[in-house]
Amino acid sequence: MQNEKFILVTGGAGYIGSHTVVELYSNGYTPIILDDFRNSSKLVIEGIEKIIGEKIQFHEIDICDYVQLEQIFRNYKINGVIHFAAYKAVGESVLDPLKYYKNNIIGLLNVLELSAKYDVRPFVFSSSCTVYGEPKGIKEVKESTPLSKPSSPYGNTKLIGEQILNDFFVSQPTAKILNLRYFNPIGAHPSSLIGELPNGKPNNLLPYITQTAIGKLKELVVHGNDYPTKDGSCVRDYIHVCDLAKAHVKALNYLENETQGLIDAVNVGTGQGKTVLEVIKTFESITGEKINWRFGPRRAGDVDEIYANSAKSKELLNWEAVHSFEDAILHAWLWENKLRKNDE
Ligand code: UFG
């Protein structure tokens, strides 16, 4: 029996959003998905419903439409907001920055303004480790590591988003806001009923690997072999999307239990860095598939090495990643196979 604690999940049909909806549900919340499906699919809703065994509430709206969005705040007694809805392709943001600033900033402003108007407190913002920019000489970043210029307009929208929330909090000190700075989410739900649905050619490493292995793409180009890392390829902190989803529930619990207003930022990563070559090797050894890959030049804007210091998430949220890196890779592969079956 659900206790009708309504949590608004903007972008709830997206990759991280859909996994978070499942976690919310299994922790007794009633998630309300807002999504206009421009970058996802209604099949995601079916997948979520199969996992939880119930119908889910969703509204097909664009959060940049203030009037439509306000209708949702009027119709439900919302207890908290998790704001995912945003564009996220780094490369596209360089080519079309205004699209990114317009959508990501207006979306945030609308959701924030209405949360304040309807007195909705817990507010979890989908931020990114991109807000650390290129931290000089630091590989393991803490939340106290100074923020610096992100390498893309997409990244700027996350940094500006955090700044907007900070300024808002000064004016509304009873607000309860947590910025979750994600590292690199990978994998899919172990049921293979939901997962990542890249639009066109993927930008991120894992879907690129799985699509190459399954034959959708010809080859994988590893961007750069001369970084100052153990094998010359870049190091990232890859986190299972289900662990990342659980961090949102913990964040919500934390904000609900705080009696005072607050704003804070928390890294959501495993604390472990892996090189691109390690990702490829692990994929090959787990799946038995060979990846057709070669080295190419460095990709503009890539940071050499970055991974999370995850002490704060443990201390504040009582959260840490539990899925292994191998599990995450296996689940990404099972999901890719499921997509192929759906295409047949
Ligand atoms: N990579 C390749 N070949 C590819 C794709 C990626 O070698 O075809 C490499 C990249 O150069 C990088 C690593 O794999 O070294 C990971 O790349 P991703 O694109 O998967 O992830 P990023 O770390 O670049 O980007 C992620 C998020 C962004 C966020 C950024 C912040 O996807 O949303 O981290 O650092 F802005």
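A residue is called buried when its relative accessible area is under 20%. The views below are taken from a predicted model.

**View 1. Strand β5 is mostly covered.** Cover is found on both faces of β5. One side carries Pro122, Val124, Ser126 and Ser128, and the other carries Phe123, Phe125 and Ser127.

**View 2. β5 pairs with strands β4 and β7.** Strand β4, residues 78–83, runs parallel to β5, and the two are joined over 3 bridges. His83 has Phe125 of β5 as its bridge partner. The pairing of β5 with strand β7, residues 176–182, is also in the parallel sense and extends over 7 bridges.

**View 3. Ser128 in strand β5.** Ser128 has a relative accessibility of 9%, and therefore counts as buried. A polar atom of the Ser128 side chain lies 2.9 Å from the backbone nitrogen of Thr130. Leaving aside residues up to four places away in sequence, Ser128 touches Tyr154, Lys158, Leu180, Arg181 and Tyr182.

**View 4. The shell around the ligand.** The ligand is surrounded by 19 residues, and the closest are Leu205, Val221, Arg236, Arg299 and Asp302. Sorted by class, the shell holds 10 nonpolar, 6 polar and 3 charged residues. Helix α7 (205–214) and strand β9 (220–223) each contribute at least two residues to the shell. The most comes from β9, which gives 4 residues.

View 5. In the side chain of Asn204, an N or O atom is 2.8 Å from an oxygen atom of the ligand. For Leu205, a backbone N or O atom lies 2.8 Å from a ligand oxygen atom. At Val221, a polar backbone atom is 2.8 Å from a nitrogen atom of the ligand. On its own the ligand has 680 Å² of accessible area, of which the protein covers 89%.

**View 6. Ile160 in helix α6.** The helix comprises residues 153–171. With a relative accessible area of 29%, Ile160 is classed as partly exposed, because that class lies between the limits of under 20% for buried and over 50% for exposed. Ile160 touches Tyr101 and Ile105, with residues up to four places away in sequence not counted. Ile160 and Ile105 are 55 residues apart along the chain, and their C-alpha atoms are separated by 8.0 Å.

**View 7. Ser192, a residue other than glycine with positive phi.** The phi angle of Ser192 is near 60°. Ser192 sits in the loop that links β8 (184–186) and α7. Its relative accessible area is 9%, so Ser192 is buried.

**View 8. Asn318, with positive phi although it is not a glycine.** Phi of Asn318 is about 60°. The residue belongs to the loop between α10 (311–317) and α11 (325–343). Asn318 counts as exposed because its relative accessibility is 58%.

Conventions:
Residues are numbered from 1 along each chain as its sequence is written. This is a predicted model: local features need pLDDT of at least 70, side-chain atom pairs count only at pLDDT 80 or more; totals for chains, interfaces and linings use all residues. Side-chain values use heavy atoms; hydrogens and water are left out. A residue is near a molecule or strand if one of its heavy atoms lies within 4 Å of it. A polar contact is a pair of N or O atoms within 3.5 Å; within protein, one must be able to donate a hydrogen and the other to accept it, and residues adjacent in sequence count only if both atoms are side-chain atoms. Accessible areas come from the Shrake-Rupley method with a 1.4 Å probe; for residues, only the protein chains shown count as cover. Ala, Val, Leu, Ile, Met, Phe, Trp, Tyr, Cys and Pro count as nonpolar, Asp, Glu, Lys and Arg as charged, and the others, Gly among them, as polar. Buried means under 20% relative accessible area, exposed over 50%, partly exposed in between (1.4 Å probe, protein chains only). Two strands pair if DSSP finds at least two bridges between them. Contact means heavy atoms within 4.5 Å.
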